[in-house]
Amino acid sequence: MTMCYNEMVDGGSVREPYAMLSDWIEAMPAEIRQMKQAEAEALFRRIGITFAVYGEGGDPDRLIPFDMMPRVFLQSEWRRLERGIKQRARALNAFLRDVYSRGEIVRAGRIPARLVYQNAAYEKAVVGFVPPRGIFSHIIGVDIVRTGRDEFYVLEDNCRTPSGVSYMLENREIMMRMFPGLFRNNRIEPVDQYPELLRRTLASVAPAKCEGTPTVVILTPGHYNSAYYEHSFLANLMGVELVEGSDLFVDAGFVYMRTTQGPKRVDVIYRRIDDQFLDPLCFRRDSMLGVPGLMDVWRSGGVSIASAPGAGVADDKAVYTFVPEMVRFYLGEEPILRNVQTWSLWKDEDYRYVMANLKDLVVKEVHGSGGYGMLIGPCASKAEIEAFAQCIKANPGNYIAQPTLALSTSPTFVDEGVAPRHVDLRPFCLCGDRIELVPGGLTRVALREGSLVVNSSQGGGVKDTWVLSE
């Protein structure tokens, strides 16, 4: 069995970032821990921190499991991650600017044309348009896994509407409320500046036709959406309006919001709905979620949309394999953060290898998310592997495969006390007039022993993520 890197204990000794927590754990009686865990759950429920899972029966609104044991990074570890994430964000936005104009990276033979121009996420309606500051993806969630002391890998990029930042903020708020002494006695970098940084980032990409202070809104599909809590949460903290498509309308080349004082012009829309529902005149005609005429206003410079329509072509899992090449091509640099080894099943050689080794690999749909549309070979039954193989055979180009990584573990409170559980990390990178991150991110934890699936929809939980100040 592959040994996993334990982020707290290395070589029999407690690692430096966890030294201050070791005594805290030992000094906490089981009954106090249980009481605090119940208090945390009550706070989550009272605040309304839920996510929605449909199609499984019962109440779709679920309370996300919260683990009180924080995950801790040294400042030196975070600085490396931050540099790598910013580098990746620059390359991804350069790629989007390029493929919606001259397509130099395709002309140079660095990425196959069909992976870009025949990609379901590539929007022809965007071709030839350059949004303000040349930024297509304004909020990028980069999923990172750790396999050793100095070994970090990017598992995937999320360039469209990455979710989870509300959990990052609420995890910290609840930990500070329940354990103020931990924060008094340790120098932990804050994360509560994120809403203001997000508001400023969005305002910085206001269109040229904006007059005065930009009016920013968050466009939500409505309360049935699985991330609706986050939409309303961010709108409240940013001090902006949360709107649905029916609250907006287009007139004379601008977008307006209906208010009790009459129409108010909107300059920046932080959209949390998919491309196909944005504008029924451009995309799906049956969409009731978008704003008719929105794309014409966007292309004429009357409004900014974050992230831009068509940004999803950059986070397709087949395109992901070429991100290191994007870094070299556009930035002239070597990637700071490495990709996970990936087999693209549209290649005959990769297809043959993967089909012969399904039991040892992780296979994912190129457009899948949330832990769905994937096979974890070592954890799957023979019948599940055979069924998934049939799906692959029907459309090989719809899948990529990766080795089953030995994800690092972080100490986690369980019924028996404290035990290691597998984790990943999603920092949120903001791209506007500058590229910024708050020190930390959303740590997701696979609460089931031995599980590698951290998604909340698949039984995963969340932790507070600490970056220690120097």
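Of the 70 residues in the largest nonpolar core, Phe95, Leu248, Ile269 and Val313 touch the most other members. A nonpolar core here is a set of buried Ala, Val, Leu, Ile, Met, Phe, Trp, Tyr and Cys residues joined through side-chain atoms within 4.5 Å. Helix α3 (residues 75–99) gives the most to this core, with nine residues. A second, separate core has 53 residues, including Leu74, Ile188, Val216 and Phe233. In soluble globular proteins, nonpolar side chains tend to be buried together.

The model is predicted: local features need pLDDT of at least 70 and side-chain atom pairs pLDDT 80 or more, while totals for chains, interfaces and linings use all residues. Residues are numbered from 1 along each chain as its sequence is written, and side-chain values use heavy atoms, with hydrogens and water left out.

Ile269, from the largest core, touches Val217, Leu219, Leu248, Val255, Leu294, Val303, Ser304, Ile305 and Ala306, leaving aside residues up to four places away in sequence. Contact means heavy atoms within 4.5 Å.

The whole structure holds 14 aromatic pairs. Rings of Phe, Tyr and Trp (its six-membered ring) pair if their centres lie within 6.5 Å; planes under 30 degrees apart count as stacked, over 60 as edge-to-face and the rest as tilted. Two of the pairs are tabulated here.

| Pair | Centre to centre | Angle between planes | Type |
|---|---|---|---|
| Trp24 and Phe413 | 6.1 Å | 65 degrees | edge-to-face |
| Tyr117 and Tyr122 | 5.3 Å | 85 degrees | edge-to-face |

Helices (H or I, at least four residues) and strands (E, at least two) are DSSP runs, numbered from the N terminus. Both Trp24 and Phe413 are buried. Buried means under 20% relative accessible area, exposed over 50%, and partly exposed in between (1.4 Å probe, protein chains only).

Tyr117 is partly exposed at 32%, whereas Tyr122 is buried at 10%. Tyr117 and Tyr122 belong to one aromatic cluster with Tyr100 and Phe136.

His231 lies in helix α9 (residues 228–238) and is buried, with a relative accessibility of 1%. The side chains of His231 and Thr220 are joined by a polar contact of 2.8 Å. A polar contact is a pair of N or O atoms within 3.5 Å; within protein, one must be able to donate a hydrogen and the other to accept it, and residues adjacent in sequence count only if both atoms are side-chain atoms.
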